[in-house]
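Hi everyone, thanks for making time. I'd like to walk you through one model today, so please have the sequence and the 3D view open.

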Amino acid sequence: MKVNFTETVLRDANQSLIATRMPIEKFREILPTLDKAGYYSLECWGGATFDSCLRYLNEDPWERLRTIRAACPNTKLQMLLRGQNLLGYKHYPDDVVRKFVELSVKNGIDIIRIFDALNDLRNIRVAVDQTIKSGAIASGAISYTTSPVHTLENYVKLCKEMKEMGCQTICIKDMAGVITPKETYDLVSAIKNALPDMPLILHTHCTTGMAFMSVIKAVEAGCDIIDTATSCFSGGTSQPATETVYDALEQMGYELSLDRKVLKEVNDFFKPIRDEYLASGLLKPKAMATDTDALTYKVPGGMLSNLMAQLEAMNALDRLDEALIETPKVREDLGYPPLVTPMSQMVGVQAATNVLVGERYKNVSKEVKAYLRGEYGKAPGKVNEALQKQVLGDEQPVTCRYADLLEPEFEKTKAKLGDIAKCDEDVLSYIAFPQVAEKFFEARRAKEENVAKYTIVEA
Ligand code: CO
């Protein structure tokens, strides 16, 4: 059996370990080598890369993509997309989603991994459709979580719907790194059983220490592609190590298409970069270690640290145990949303508030209100109707796809920006991150004017 690898060092490893702060100058040189490794794909764009390029690195994210494309002509380039939310947390109108997907593909993306935090497939349909129309591979991703409504049957049903929608591959996306080896084996087996020809991907994180075991069990159950990171950028909150998993699977007799010598070259290149970030403090040793709190408390690591920070700020860290008991109750009231951003914050803050106020739902955040109004999509389970009535009063929750209520935005924004935007890609940068993009455009213009002045003097 053949097993393929997706290398995540440029996107998820970069995002999980060093908050996506690696500028392209740091890794430009290694791109031709990455192109020779034999990866199924190179995850290099989307997620937080776009925001980080504009906000912190003074880099045009589209230019980054084109640079990687030019240097890696033989490897499929992959990005992560939050369905109708694109790269953020709000819903965009369909014309913007279509344009974003179209231009991502035009600028070099081959595979778009598309997910919705609630697994409400209405929120990925347009992005999937446009990905296929643009000639790229649409990979539908399940946001993995455990709850009484997240059964194997329901996951298999989701996968069947994704296939009907046109998804060419399916990814089990365990953003919190909580999937166990047995859960992995059972889930991969169930999906493979129902959809034997559908290429299946496992994406997990080493946070709790489960990931190395889980990828092996995934492969044993028939998983086709696994996400790994070059070893010096692996482990902790990142993915399992590419070379380690390669050696283990090779010995087990699996057919692998990676060039092990090139894998070493890649890792040798990134090692001093990793050390630099460790020395500067951007990479914290804690991020590279195993943390089993998520297994103990049944909440993802990031959510737990947010909860503790929130209680600490209110001088109430001694109420942590109560807040942790309240957390699953709030989650149940909200219909068991997967505990990923922004739902993890929403549930955590509400649980802490319920405990600190001393009365449940006396104060309800505007995010929870919007959620109960149906603005994020459909909850996986039943929401507490009494709570919904208490919060919404006479207001009826939205039952349609939220984006159906939104007016087209692209042409309007393009007209508004005028020549501040030099191309349609600029318009999309602006729609995704207005203030940040505006600053970036301004800095770019100042730089160009400086260059122009200098050129005139020289001439
Ligand atoms: Co991830």
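Let me start with a question: is Thr-20 buried or exposed? Thr-20 counts as buried, because its relative accessibility is 3%, and buried means under 20% relative accessible area, exposed over 50%, and partly exposed in between, with a 1.4 Å probe and protein chains only. Thr-20 sits in the loop between α1 and α2 (24-27). Helices here are DSSP runs of H or I with at least four residues, strands are runs of E with at least two, and both are numbered from the N terminus. The phi angle of Thr-20 is near 60°, a positive value in a residue other than glycine.

Before going on, a word on where this comes from. This is a predicted model, in which local features need pLDDT of at least 70, side-chain atom pairs count only at pLDDT 80 or more, and totals for chains, interfaces and linings use all residues. Residues are numbered from 1 along each chain as its sequence is written, and side-chain values use heavy atoms, with hydrogens and water left out.

Asn-315 is found in the loop between α14 (301-313) and α15. Asn-315 is exposed, because its relative accessible area is 72%.

Now the overall picture. The protein has 21 helices and 9 strands. Along the principal axes, the C-alpha atoms fill a box of roughly 70 × 60 × 50 Å. For 459 residues, a compact globule would have a radius of gyration near 23 Å, and the protein has 22 Å, which agrees; that radius is taken over C-alpha atoms, and the globule rule is 2.2 Å times the number of residues to the power 0.38. Of the 459 residues, 56% count as buried. If we take contacts, meaning heavy atoms within 4.5 Å, between residues at least 6 apart in sequence, 75% join residues at least 24 apart.

Next, the metal. Which protein donors does the cobalt ion have? They are Asp-12 (OD), His-203 (NE2) and His-205 (NE2), lying 2.1 Å from the ion. Donors are N, O and S atoms within 2.8 Å of the metal (3.2 Å for Na, K and Ca), and water is not among the atoms, so sites may look incomplete. Along the chain, the donors of the cobalt ion follow the spacing D-x190-H-x1-H. Asp-12 lies in helix α1 (residues 12-18) and His-205 in the loop between β7 (200-203) and α10 (211-220), so this pair ties together parts that are 193 residues apart in sequence. Asp-12 is buried, with a relative accessible area of 4%, and His-205 is buried too, at 6%.

On to the cysteines. How many disulfides does a search of the whole structure find? The search finds 0, where a disulfide is a pair of cysteine sulfur atoms within 2.5 Å. For Cys-72, the nearest cysteine sulfur is that of Cys-44, 7.7 Å away. Cys-72 is buried, with a relative accessible area of 0%. For Cys-206, the nearest cysteine sulfur belongs to Cys-232, 14 Å away. Cys-206 is buried as well, at 4%.

Ser-41 lies in strand β2 (residues 41-46) and is buried, with a relative accessible area of 0%. Its side chain makes a polar contact with the side chain of Thr-6 at 2.8 Å. A polar contact is a pair of N or O atoms within 3.5 Å; within protein, one must be able to donate a hydrogen and the other to accept it, and residues adjacent in sequence count only if both atoms are side-chain atoms.

Ala-294 is in helix α13 (residues 293-297) and counts as buried, at 4% relative accessibility. The C-alpha atoms of Ala-294 and Thr-208 are separated by 6.8 Å, although the two are 86 residues apart along the chain. Leaving aside neighbours within four places in sequence, Ala-294 is in contact with residues including Val-178 and Thr-208.

Last stop: the peptide bond from Thr-341 to Pro-342 is cis, with omega near 0°. Pro-342 is in the loop between α15 (320-333) and α16 (343-357).
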